[in-house]
Amino acid sequence: MQDPSFIEMMDRLFGGAVTTLIGAFTGRLMYHSGEVKLGKRRFFGKELLWEIPVAVGMALIGEAAASYMGLGQPVSTGFVATLAYLGPRGAEALLGAWLGRKK
């Protein structure tokens, strides 16, 4: 039997919903850290609070998109983290391009 990957281990430990939220919060934290590094934000500023609803929303959107595309674990968690990093506008552009290409 093969050892579980990190995401599979988290999924077994916490369940799928929490794993998806962790992926989304990780993506938003990576984006926020990049903004801090560029000097556009303070790390513990009010902007950090706005990342919470964005992360939850991106978790919902990302999980729905992953389900639509037939992605299973652990790929769906990585997809959610990527969309969360891109944020709502970036995810909209990415999904719009992908859906437009499928027609």
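Visitor: Why is F25 called partly exposed, rather than buried or exposed?

Guide: The relative accessible area of F25 is 36%. Buried would need under 20% and exposed over 50%, so a value in between is called partly exposed. F25 sits in helix α2. All of this is read from a predicted model.

Visitor: How do you know what confidence the predicted protein chain carries?

Guide: The mean pLDDT of the protein chain is 87, and 97% of the residues score at least 70. Helix α1 (residues 6-14) has the lowest confidence, with a mean of 79, while helix α2 (residues 16-37) has the highest, at 91. Where pLDDT is low, the predicted coordinates should not be read in detail.

Visitor: What makes the nonpolar surface patch, and which elements give two or more residues to it?

Guide: The patch consists of L21, F25, L49, I52, V56 and L60, and covers about 540 Å². Helices α2 and α3 (46-69) are the elements that give two or more residues. The largest share, 4 residues, is from α3. A patch residue needs over 30% relative accessible area. F25, at 36%, is therefore above that cut-off.

Visitor: Why is the contact between R28 and E51 called a salt bridge?

Guide: The closest N and O atoms of R28 and E51 are 2.6 Å apart. The limit is 4 Å between a side-chain nitrogen of Lys or Arg and a carboxyl oxygen of Asp or Glu, so the pair qualifies. The pair links distant parts of the chain, with R28 in helix α2 and E51 in helix α3, 23 residues apart.

Visitor: How do you know whether R28 and E51 are buried or exposed?

Guide: R28 has a relative accessible area of 6%, and E51 has 7%. Buried means under 20%, so both residues count as buried.

Visitor: What makes R41 a salt-bridge partner of E51?

Guide: For E51 and R41, the closest N and O atoms are 2.7 Å apart, which is within the 4 Å limit. R41 is buried, as is E51. Through shared partners, the salt bridges join R28, R41 and E51 into one network. The count of salt bridges is 2.

Visitor: What follows α2 and α3?

Guide: Just after α2 comes G39, with a positive phi of about 80 degrees. G70 follows α3, and its phi is also positive, near 75 degrees.

Visitor: Which residues make up the largest nonpolar core, and what makes them a core?

Guide: The largest nonpolar core has 12 residues: A24, A55, M58, A59, A65, A66, F79, V80, L83, A84, A91 and L95. Helices α3 and α4 (75-102) each supply at least two residues, and α4 gives the largest share, 6 residues. The buried residues of α3 include A55, M58, A59, A65 and A66, while those of α2 include A24.

Terms used:
Residues numbered from 1 in each chain as written. Heavy atoms only, no water. pLDDT = per-residue confidence, 0-100. Patch = residues over 30% accessible without salt bridge, like charges linked within 9 Å, V, L, I, M, F, W, Y side chains within 5 Å. Areas by Shrake-Rupley, 256 points an atom, 1.4 Å probe, with all protein chains shown as cover. Buried < 20%, exposed > 50% of the residue type's maximum accessible area, 1.4 Å probe, protein only. Core = buried A, V, L, I, M, F, W, Y, C linked by side-chain atoms within 4.5 Å.
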